[in-house]
Every structure is written in structure tokens, then in C-alpha cells.
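I opened this notebook to keep track of what I look up in the structure. The entries follow the order in which I worked.

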Amino acid sequence: MSYTIRIATLCLLASATVAQLGLGSNEQAATDCLQCPNPIGDIKALACAVDWISKLRILNKTTTTIGGQTVDAYTLEHLDILKGTLEIPSLMIGVLAGKSALFTNLCLQILQTAEPLLDKVNQGLLGEVSDLLCSVFDILPTLDTWLAGNGGLLGHLLGANGNPLLDGLIGGPSGAPGVVDAYYYPNSSSLGPNAVALVVTAHVNSQELKRLQILGWNSTGHNSYDYPFYDRMIPHNVCKWISFEIVGTTLPNMTQLAVGLGDRYEMIPYRIPSYRKHGVVTCIAPLYANEQWQYALFAAHLYRRYGSFLQLYVRSMIHPLFEMLKIYEREGYLQIDPWMRVKLKTVHEAFFNPNLHVEFRNQAAAYTDCLLQYKESAEFISFMDLDDVQIPRIGKTYFEEYSHYFFENPMTSYLHYVKEADQAARQIMMDDFTMSQMYTGIVDVLPSMEAGRFVVQPKNINFTWVHFPFSVLEDMKRYDVSSEENFVARLKPLEEYPFTSSQGIPQLFSRKGGMLRKPDFLPAEDANWLQADLKRMFKNPEIRAIWSRMPQDQFYQKLLTSCFHENYFQHYFNSKPEKMTCPGPERCNFPKNPGIECVNAHGEYYSTSGNQRMNIHYATQSHFRVEDGCTP
């Protein structure tokens, strides 16, 4: 039997987030709720954040078993839906402090002893909720936010050693990790022969990884097993699910890879890394709801000019832009890989959504996947966002510049470049788009508190975080490139300035030493090459046909900018880390953009359960699917 789980919370408000633990409230929250119709907090903000608001009637109660624990299942009738649709769930699970019961009171609208009554809620509050007007975008609440006021309940629920029911379902310290990707290296200059590297996402205090065992087979029937080394990629605990790298050794000519689960093993897919030689590979952070064709075109041609191969990871993207980039992929500019969500088949996302608890759409895992994929083929690997721009200053290519710094500083683990925030104007009419507009359209230079970007020699680094690899080889250290020597420009956000040719385009500026100076951001020779290369590609009739369908607005970008500012960046820049939640697009609203289809990453998901040593989650057959609307 599958469950879609929700739970009623304060004053007729029903939240999928609180449902992740199947809890109504604790005693203190129940007492606080008696203050209705004057509930704590902003009722409008709370009401806009939840999934549905409804008057409920409990039709019947049955018991069922989940993970060996008996719980109550309530069948509900929605008498009056104030917010939400008819598709809201009619089944609810109750688990509280080891008892099979929902702990509620009149204010919570679900009673153990009596039928809930709508008239128990103050009419003024009822009218305010009934007339609720929410903005187009609202941040969803988080389980951590709700639990911050209910820590006593969480501790009582989990106890000193954790609760097997909850841990097994939601991925607590004893919960099952998810395998993001795995690579087998017949030969590796840094990992050794017959090495296996896995990228795994798991609870920050995962105990499962200590028991992880890998097994390998080859065509001769021989097999091997190893208890591999593992290390975390992320240096903080803001997010409850983080990325780990696992490295072990198998046997020559391995043909099958498995993870030992105790009484059995589970075969998992793996890849052979690229051995095609590249001077420089640039790994781009995972893209979601991406529609910024200006940045994509500029990046494709710019990195081509300076000798870097682009690796893109796509969660979701508008269809016309995806079609165009696939042509660039055929031409050898870049490679596009699907970047899938973390999905647990053993629990419905209404109960626990791990994507709410991974940092920036699992960006550290994506960067590390890119590092592992090109570890044996690239001399240097840089890690950027799509809207980052770097122009080599020492030599004519990235390879020449990076070689200079690493040669002059042989004990360097990685290079670090500061980032400048440059505000760029966006030409409104696509027919007038030229490459020069992307760098001559800089209208302002904004103060930047952002972390910089970094470049590694893959032989010296095995995994990395979003902003830098915090674990490096002994006696090696980071080298900070002075902003006087070079920097990374962040051309963001795009602003619409309705300038015409008679008004002209603002003079090109570059930033040096905190001063605005002219005009060597991009040499004229390189600017001419970019424009000529763009024209060459646009001779392709496929590209011209796609170009006619490219949207001009920034529909998703405006929503995401607002979401990330409210949810994360305003607290980060104001040095208020205690107010930050785990940042990522999963907390944002993704409405459909009428008339614009999206390409979303999908796969076949698998989860194991009930094994002695451990359980795992993994996916196979990753692919893209054209759908109505982009997904986070």
C-alpha cells in the first residue's frame, strides 16, 4: 500500500513539510496554538507557504505497519478546501513519541476524541485565510524550520540512538545513501590501477558508509571485494544530506560492480572515465530552469576560443535552448549530461524529500563527477557557473595561463581566482544579438562578496566542494591569483535596457584594483573571432529554425533570483548564517511558462530495503524528456 502523507498543523494549515515526519505537534506547540485566533507569526506568510488549507472530517482509522512499527492511518474527508485542489490527499499517518496516535487539539482541527469543527476557528481568521492572496512566488517551509521550534519533540521521537522507522525512511544517520555515479579506472595516474570511485549522497552523519563494501567481477569469473576509503566533500553541516567520495580497488578488466548489502549484493551501473586528451575542461554547475541563451552562446564560443571543453550538467532547460546546445555538442564545443534529482523509492517525497537537504542541486557531487570523468584526460579542470567569464591574461589560452602558475608554484594544489560582479545589459531584440554586446553591455560594476572560482590539476585532487577543494594532498596549498593579474567576471544579472543603435552601447569597462578602467577586457582580435564563429554556426539551418522559437523574456530567472535572495543570499551577505536554510531550487516555485516546453532530466530509480549491512538508492538509464514546464 502506498501512502501520500500530509498532516494538519496550526489553525487549519496543512503542510507537506511537517508531514515529512508525520507529526501534528508537541505539547508546547499545542499549548501555543490555543492562542488562536492570534497565532504566533504572520498568518498570511504561513498560509501562503503551505500546500493546502482544508476543513477535515476523520471518516475512519485503521492501523498499518511501516518499517516494523505500527502506526495509525486516518481516512479523511475534505469538507471545505480553502487552498489547494481536489487532488489533496485523503490519507494521513500519525506517529508521535512511539505512540500510534495523532497529538492535536481543537486548534489543530483533528481530534482524537471528537469530530473537528470549523467554527472553532475565529471567523476573522477564517475570513483572512479564505480571502488569501499569495504572490506568484512563495518559498516553501522546511522541515528544519518547523523543527527549530519543536526540538524537544524531535529528540523524544528519535531518542539517543535514532528511530529505525524514521531513519530508514527519511535518511537519518542510519538511513540509506544514494549512489550518484561510479567510475572504474583500468589505469589512473593518481588513483592507481583498477580503481573504483563512487560519488554518494547521504545523511551528514551517515553510519552506513562505514560498513560499505564494493565487489567486482571480470569475464574470467574472478571476483574481488574491498572496504573502500571515503571522505566528505562539504565542510559544513548546514545541509542534512551531503556528498561523499568513496575510493577503492577491484580487479583487472572489471565487467561488473556491486555494493555489498550484508546477506546479498546489489549490482550498480558504472562508467569508464574519458581518456580523450584535453588541455583544459571547464565544469559548469548544474543548470535548472535554464533559459539564458545569451550566456550559453557566449560561453560556448568564449571557452572554445581559449581552448577549453565545456561539460554541462542539466536538470532542466527550455526546449529551444537545449536543441541548440545539442548542435553545439555535435560540433565538439561541449558535452551535456543529465543531472537527476535524488529520489528514494522507499518513501514518498511528501514524507521526505532529500532534495530539500542537498546544497545547490547537489553541486559538489556534480563538480566531483566532472573531475572524475576527466581525471585522466585533462591537464587542468576549471569549475565555473554558466554566467562566469574568464579571459586569460598570461598567454593566449587558459592552458598557457594555468601552466604558468602551476609551473612557477609546483606545490600548488589549486588556483583560486577572485570574482567580480558585473551587471550587464541585455539586448532585447534577438535579431540584433552580437557577441560584442555580451561584454560591451556592462553598465555597472557591483560590489562582490561572492566566493571565487578555482582551477585544479586533476592528478592532485580527487574531489571538491562548490567553492574549493577543502581536502588537499599533504604539503600542498592553494595559490591565490591576485585580482591585478586576473579575475573571473560574473555577468549577472541581465537587465533590460531598451537602448537603440542611435543611443549606442555603453563603453566597455574592466575592473582593476577596485577602479573602473578601460578597455582591455577582451582583445579586439578575440572579439572578432567570437563574432565570426557565431556567424559560422548560424549558417546552420537547424540553428536558424530554433532561433526563431527562442523566448526573449527571463521568466524563470526572475523567480529564481527572488527565491534565492529571500531563502539564502540575504542572510549570507548579512552574516546571519543561523537564518540560512540549505540552499537549492527545490524550495522555489516552478510554474509553467505558457507556450514554452522544457527538457527535464529523468531516469529509472531503484532502492533496496531490509538488508543486514546497509541499503542503497541509485538510478540507471538517465535521459531527457520534453515536458510542459521545467522541474527543480
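**Entry 1: the whole chain.** Before counting, I noted that helices here are DSSP runs (H or I) of at least four residues and strands are DSSP runs (E) of at least two, numbered from the N terminus. By that rule I found 14 helices and 29 strands in the protein chain. I keep in mind that this is a predicted model. The chain has 632 residues, and buried ones make up 56% of them. I also looked at contacts between residues at least 6 apart in sequence: 75% of them join residues at least 24 apart.

**Entry 2: two helices.** I looked up how α7 and α8 lie against each other. Helix α7 covers residues 293-305 and helix α8 covers residues 319-330; their axes come within 11 Å and cross at roughly 5°. Angles under 35 degrees count as roughly parallel, so α7 is roughly parallel to α8. Which residues of α7 meet α8? I listed Trp293, Ala296, Leu297, Ala300 and His301, which meet Leu321, Met324, Leu325 and Tyr328 in α8. I sorted the residues of this contact into eight nonpolar, one polar and no charged.

**Entry 3: the nonpolar cores.** The largest nonpolar core has 70 residues, and Leu302, Met324, Tyr328 and Leu334 touch the most other members. Helix α7 gives the most to this core, with nine residues. I noted a second, separate core of 56 residues, with Val247, Met254, Tyr367 and Val456 among its members. Nonpolar side chains tend to be buried together in soluble globular proteins. I then went back to tyrosine 328 and set aside its neighbours within four places in sequence; its contacts include Leu297, Ala300 and His301, and also Leu534, Met537, Phe538 and Ile543.

**Entry 4: a sheet of seven strands.** I traced an open sheet with mixed pairing, in the order β17-β15-β14-β18-β23-β20-β24. The edge strands, each pairing on one side only, are β17 (334-338) and β24 (477-481). On average, neighbouring strands of this sheet are turned by 25° against each other, direction ignored. I followed the pairing of β20 (residues 412-417) with β24: the two are parallel and share five bridges. Histidine 416 stands opposite aspartate 480 in β24.

Helix α8 lies across β15 and β17, at about 130° to β17. Helix α10 (residues 398-408) lies across several strands, including β14, β18 and β20, and runs at about 125° to β20.

**Entry 5: strand β7.** Is β7 (residues 195-203) mostly covered or mostly open? I found it mostly covered, with nine of its nine residues buried. Strand β6 (residues 178-185) is joined to β7 by seven bridges and runs antiparallel to it. In that pair, alanine 182 has leucine 198 of β7 as its bridge partner. Strand β11 (residues 241-249) is also antiparallel to β7, with nine bridges. There, valine 196 stands opposite glycine 248 in β11.

**Entry 6: two asparagines.** Most residues other than glycine have a negative phi. I looked up two with a positive value. Asparagine 253 has a phi near 55° and lies in the loop between β11 and β12. Asparagine 362 has a phi near 65° and is found in the loop between β17 and α9. Is each one buried or exposed? Asparagine 253 is exposed, with a relative accessible area of 61%, whereas asparagine 362 is buried, at 7%.

Key
Residues are numbered from 1 along each chain as its sequence is written. This is a predicted model: local features need pLDDT of at least 70, side-chain atom pairs count only at pLDDT 80 or more; totals for chains, interfaces and linings use all residues. Side-chain values use heavy atoms; hydrogens and water are left out. Axes are lines fitted to C-alpha atoms, for helices over the stretch in contact, and angles run from 0 to 180 degrees between N-to-C directions. Angles under 35 degrees count as roughly parallel, over 145 as roughly antiparallel, 65 to 115 as roughly perpendicular and the rest as oblique. Contact means heavy atoms within 4.5 Å. Ala, Val, Leu, Ile, Met, Phe, Trp, Tyr, Cys and Pro count as nonpolar, Asp, Glu, Lys and Arg as charged, and the others, Gly among them, as polar. Two strands pair if DSSP finds at least two bridges between them. A nonpolar core is a set of buried Ala, Val, Leu, Ile, Met, Phe, Trp, Tyr and Cys residues joined through side-chain atoms within 4.5 Å. Buried means under 20% relative accessible area, exposed over 50%, partly exposed in between (1.4 Å probe, protein chains only).
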